[in-house]
Amino acid sequence: MATTHLLTPPRLHHPSPSPAARLRATASLAHPLLPSRPGLAAHHSRSPSPRHHRRRRAMSVRSSLIDPDGGALVELVAPPDRLPALRAEANALPRVRLAPVDLQWAHVLAEGWASPLRGFMREAEYLQSLHFNCIRLPDGGLVNMSLPIVLAIGDADKERIGDKPDVALEGPDCGVVAILRRIEIYPHNKEERIARTWGTTAPGLPYVDEAIASAGNWLIGGDLEVLEPIKYNDGLDHYRLSPRQLRNEFDKRGADAVFAFQLRNPVHNGHALLMNDTRRRLLEMGYKNPILLLHPLGGYTKADDVPLPVRMEQHSKVLEDGVLDPETTIVSIFPSPMHYAGPTEVQWHAKARINAGANFYIVGRDPAGMGHPTEKRDLYNPDHGKMVLSMAPGLEKLNILPFKVAAYDTVAKKMAFFDPSRSQDFLFISGTKMRTFAKNGENPPDGFMCRGGWKVLVDYYNSLQAEEVTPVPV
């Protein structure tokens, strides 16, 4: 059941009213083993040449709220003046075709969401991520990395590559996207990867069916050099702000706290209640200008989730209708694919927001969870996600904001925080029930969602029904 949650204070760090003292307090949150460094390369079998190192060096970030993992944001898009030479070089290299999900991961890496990673994982990085949910830096420090970011290839690819040190990566449209350098090819044990990531090998895991089951038996890792910023030309690219762009926007707005809220569903008034209440609590703690990062996931999602274009239109209506304040809210797309891997995946979601400059992360019931694919129960304990985040190595500098349940108050006729003393007055409207309302053209209770946002959903499901009854030309 999809529910929302109320802020409780176990890991909040109370700022001083003094801006200087507040900055000192924020700086003290940083993990002591995370100094500034350019990236993850020390254990690789080949070292980057000085020329390539200079070209793709990690850049410093001005935002004072929270440092990127590893101390610097690692961005892997080549300078524009390198493009002709890179295209010529790519023409002489063996090619590996990226599936749509692979392209999304290349996007994640290119913009620095996975800093300090410099490309698809080599075997040492993969094993650390898979078994420890962390990667150890050359100086002994740790960064959280709970999901392996890997690229699978088949036997024919491996044979074609042979002993070549570099390969060109081409997108689903066959255009060259990137060059992967100083490659390492190693076995892809799918069963081990699935078992350790999801805690089960039961059939029906959406990401496994989409991206792993039919993937090749080898993984290829190396240092990534992306030719140009990755675009999808779907009318939504202006929402896809990189970590650097987000940090610049936070600085521009004078944010002294950034609280991130990830979702893959339409925003209802319960979500808005939680986000607005979080801002109120941060103001009470002494922050002067907390900014909300409303950050819907924009990569792969399962078939019955509401598609990204519909969600983005719905989110815009939420701001237009004044449910959230546009002056204190930034809406942006997080390009990562969705695993539905519960407590393991929610660490990745939190870690990526550190790199984007958020120093507070909102977590609720069963984050990144789903129903068990073969049994009538949740795949994960719904409380474990927030518990794991509060203990996860490498996330110590991030303030975790857990919530209690919110639901529809049938007496007040609005979304409100659940009161156990009058539980009979509250109605829990799950995501499934919300979608059923919209599919059937029924209205939810007044106060559940703003009218403009609800109309977007109804129109979407009406369009699906129209497609189902439209005869196919013979």
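Predicted model: local features only at pLDDT ≥ 70, side-chain atom pairs only at ≥ 80, totals over all residues.
1. The average pLDDT of the protein is 87, and 85% of the residues reach at least 70. The stretch to treat with care is residues 1–63, where pLDDT stays under 50. For those residues the model has 160 contacts beyond four places in sequence.

2. Now the overall make-up. The protein has 474 residues, of which 58% are buried. Its secondary structure consists of 15 helices and 15 strands. Among contacts with a separation of 6 or more, 77% are between residues 24 or more positions apart.

3. Strand 6 pairs with strand 7 (residues 218–226) in the antiparallel sense, over eight bridges. Within that pairing, Ile185 has Ile220 of strand 7 as its bridge partner.

4. Strand 6 also pairs with strand 5 (residues 167–170); these two run antiparallel and are joined by four bridges. Here Val167 stands opposite Leu180 of strand 6. Strands 5 and 6 form a hairpin, with five residues between them. Look in the turn for Cys174, which has a positive phi of about 80 degrees.

5. Which residues have the most contacts inside the largest nonpolar core? They are Phe120, Leu169 and Trp348, in a core of 82 residues. Helix 4 (residues 100–111) gives this core its largest share, seven residues. Apart from it lies another core, of 28 residues, which includes Phe261, Val318, Ile333 and Cys450. As general background, nonpolar side chains tend to be buried together in soluble globular proteins.

6. Leaving aside neighbours within four places in sequence, Leu169 is in contact with Val96, Leu98, Phe120, Leu151, Gly175, Val176, Val177, Ala178, Leu180 and Leu224. One of these partners, Phe120, is also listed with Leu169 among the residues with the most contacts inside the largest core. Another, Leu180, is the residue of strand 6 that stands opposite Val167.

Terms used. Residues numbered from 1 in each chain as written. Heavy atoms only, no water. Pairing = 2+ DSSP bridges. pLDDT = per-residue confidence, 0-100. Contact = heavy atoms within 4.5 Å. Core = buried A, V, L, I, M, F, W, Y, C linked by side-chain atoms within 4.5 Å. Buried < 20%, exposed > 50% of the residue type's maximum accessible area, 1.4 Å probe, protein only.
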